[in-house]
Amino acid sequence: MSRTALRICPLCEATCGLTLTIEGTRVTKARGDRDDVFSKGFICPKGASFGAADGDPDRLRTPLVREDGELREATWDEAFDAVAAGLRPVVEEHGPHAVGVVLGNPNVHTMAGALYPPVLLAGLRTHSLFTASTVDQMPKHVSSGLLYGDAVAIPVPDLDRTDHLLLLGANPLESNGSLCTAPDFPGKLKALKARGGTLTVVDPRRTRTAKLADRHVAIRPGTDALLLAAMAYVLFEERLVDLGELAPHVQDVDELADAVRDFTPEAASQSCDVPADVIRDLARELAAAPTAAVYGRIGSCTVPHGTLASWLVDVLNILTGNLDRPGGALFPLSATDKAPRPAGPGRGFALGRWHSRVSGHPEAKGELPLSALAEEIDTATGEGSPVRALIAVATNPVLSAPDGDRLDKALGSLDFMVSVDPYLNETSRHAHVVLPPPPPSQAPHFDFAFNTFAVHNQVRYTRAAVPLEPGRMAETEILARLVLAATGMHGADPAAVDALVIDQTLGKAVTDPHAPVHGRDPGELAAALTGDSGPERRLDMMLRLGPYGDGFGARPDGLTLAKVLAHPHGIDLGPLRPRLPQPLKTRSGKVELLPEPIAGDLPRLREALRERPEGLVLIGRRHLRSNNSWLHNVPALTGGTNRCTLHIHPEDAERLGLTDGAPVRVRGAGGAVTAPVEVTDGIRRGVVSLPHGWGHDRPGTRMSHAALDPGVNVNQLLDGSLLDPLSGNAVLNGVPVELTRTS
């Protein structure tokens, strides 16, 4: 007998609602939930393949523990005994910074990944934190921190109401969006055009999104900041700056005008390869639109001037009065955000509070560059101890970070490594202990992170669709036990972790004069929490204390876990609304348009005006049916266009004697790979493209389908030395490569 259950899709940032068909304990079908308040039935190939990903036979079912160099199946007690025995001696002998923590993108797709790593980091007190953010999005966090005083205050385009959308380095028709949570992003772009709006796409490739656009600008890779700075110049030169209602909340406008005076369209056009008149048209169209939004993503982040490009995206929104207004770019308000406080100056945002041991990279948002992980392990020189133990949670940096070969060797030299991962992949194969979480159908789901970037305010929560199988352990319990084992409390009740967080949070809330529970008894509040588990009680607490919450009875119509559970398709909390100045946490209490670190990096961008790159440069590529390296073991999501090929323009192919389908050797600063050629006029001349996330050919993994067509690791072409200096983000796009025809 089959049944259905609701589930929020965890396979990309769109967070679409699914209706699962379940036979026994097996998910046999997934379709879009037409009644979902956010996604309204939309589904992409990844969501439709939920059952295949969920039931992948290569998923690990029991913990693995290394003995005599080999991984063997073990009990959960044996596994956590080994974790405690491996981690604590490193901390006690070499200090907390000798333990590194690496967090991958899948963490933000699970409740456990949102709730427990912060507790782990607080308990360990290590500065050796590395995450996928520094190969993806850290420039946006840093620019937001400098502009607004809060690294997670990231405005998103109001897709449903804007009249004009300028996209840079983004291909949402295939990625479904990033740092902009929007189910059916393609439908929203088509609706924009249907209501008479304008879509402009800046991208070196003629992507599916670019084909939909009214204007496609095939920029030279890595020069987005020059284009945006030249647009800002035009706005000032032609007196098109109009802050509108933003004016009282913004400072440094005159200083910014002076700072961009060298970035004329004529000067910028030589480097970014966009005609000066096109740059002027882009600026004029942006200023003339009734409402407009500029949105930049991975292609504009993973470049030498990623932070400046991210900053300039917001600068253009501000100068045209489109920040914080309907139809422009607004700050979402998630149901589990902290309740809004009175506006006023804050503590601001600081960079470089500590530095990496070997190369001295400054931290950003508490993180060190993932590109520096290998040298932090394998290099003895430098103050303090190298990283000698590693906690890796839902991450595969051997494929996702530059120079995977070096990192591969470095991981093999660790004193101890524990990996929380459902697969034995290119990274987890080095672990001394592997702790496998259950498949997503057996876990509850709430989008703590992605709701803070949602283009429409809403709240949805789904409990596990399938009961936890015997022998499995909930991911929340795995991470709670990991916290205890790593912080010297091995053997304590894992529920103590949730209880501690609840006690600390409520204890702080009752002393906050702006909180709805000010002056109340925290024990009484804790007793009022509902939920079937510690994580659910924490969710109930966050909802009640949040901006829409009931304040533990202070606002009877407000949100609680019980109310959310009573609305299985979600609760619509309304469109995005203007919020300034409340989100600002800068020391001035205003948008600081030209913060000192940005001003200090602008001379480097001026130098780029004189650069005239020669030879081929490399960019990445995304596919609709993939998400980094996660899904290549699912047969339904590989093949077709989702292949690891080198895209090259016909003229470049002819010049180099390359033919479609033939192998070509690609060499960069970090090494070389061989991939099949795919000749296409969908990429501009002088640029080649390899997709990210492939290279499943290392021994000792257990990903049988991915190994059949392993592809090559594009990040092996990088040596890890190229970083955006402000954010520490790896430079993955616009890097020089050489091609050699192979026989």
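Which residues is Thr336 in contact with, leaving aside its neighbours within four places in sequence? In this predicted model, the contacts of Thr336 beyond that range are Phe446, Phe448, Leu539, Met542 and Leu543. Thr336 is situated in the loop that runs between strand E14 (329-330) and helix H16 (373-378). Its relative accessibility is 12%, and Thr336 therefore counts as buried, the cut-off being under 20% relative accessible area.

The chain as a whole comprises 26 helices and 26 strands. Its radius of gyration is 25 Å, close to the 27 Å given by the globule rule for 743 residues, so the chain is as compact as a globular protein of that length. The C-alpha trace extends over about 65 × 65 × 60 Å along the principal axes. Buried residues make up 62% of the 743 residues. Among contacts in the chain with a separation of 6 or more, 73% involve residues 24 or more positions apart. The accessible surface amounts to about 26,900 Å², and carbon and sulfur atoms contribute 51% of this area. The chain carries 74 positive and 89 negative charges, whose mean positions lie 3 Å apart.

The largest nonpolar core contains 65 residues, and those with the most contacts inside it are Tyr148, Leu227, Met231, Trp311 and Ile318. Two or more residues of this core are supplied by each of helix H6 (138-148), strand E9 (164-168), helix H10 (224-237), helix H11 (253-259), helix H12 (265-272), helix H13 (276-288), helix H15 (306-319) and helix H24 (596-608). Helix H10 provides the largest share of the core, with eleven residues. For Met231, the residues touched, not counting those up to four places away in sequence, are Leu166, Ile279, Leu282, Ala283, Leu286 and Leu316. Apart from this core lies another of 57 residues, including Ala74, Ala389, Val420 and Leu435.

A further buried position is Pro117, which has a relative accessible area of 6%. Pro117 belongs to helix H5 (residues 117-124). When residues up to four places away in sequence are not counted, Pro117 touches Leu103, Asn107, Ala112 and Leu479. Between Pro117 and Val101, which are 16 residues apart along the chain, the C-alpha separation is 9.1 Å.

Notes:
Residues are numbered from 1 along each chain as its sequence is written. This is a predicted model: local features need pLDDT of at least 70, side-chain atom pairs count only at pLDDT 80 or more; totals for chains, interfaces and linings use all residues. Side-chain values use heavy atoms; hydrogens and water are left out. Helices (H or I, at least four residues) and strands (E, at least two) are DSSP runs, numbered from the N terminus. The radius of gyration is taken over C-alpha atoms; the globule rule is 2.2 Å times the number of residues to the power 0.38. Buried means under 20% relative accessible area, exposed over 50%, partly exposed in between (1.4 Å probe, protein chains only). Contact means heavy atoms within 4.5 Å. Accessible areas come from the Shrake-Rupley method with a 1.4 Å probe; for residues, only the protein chains shown count as cover. Lys and Arg count as positive and Asp and Glu as negative; His and the chain ends are not counted. The place of a charge is taken as NZ of Lys, CZ of Arg, CG of Asp or CD of Glu. A nonpolar core is a set of buried Ala, Val, Leu, Ile, Met, Phe, Trp, Tyr and Cys residues joined through side-chain atoms within 4.5 Å.
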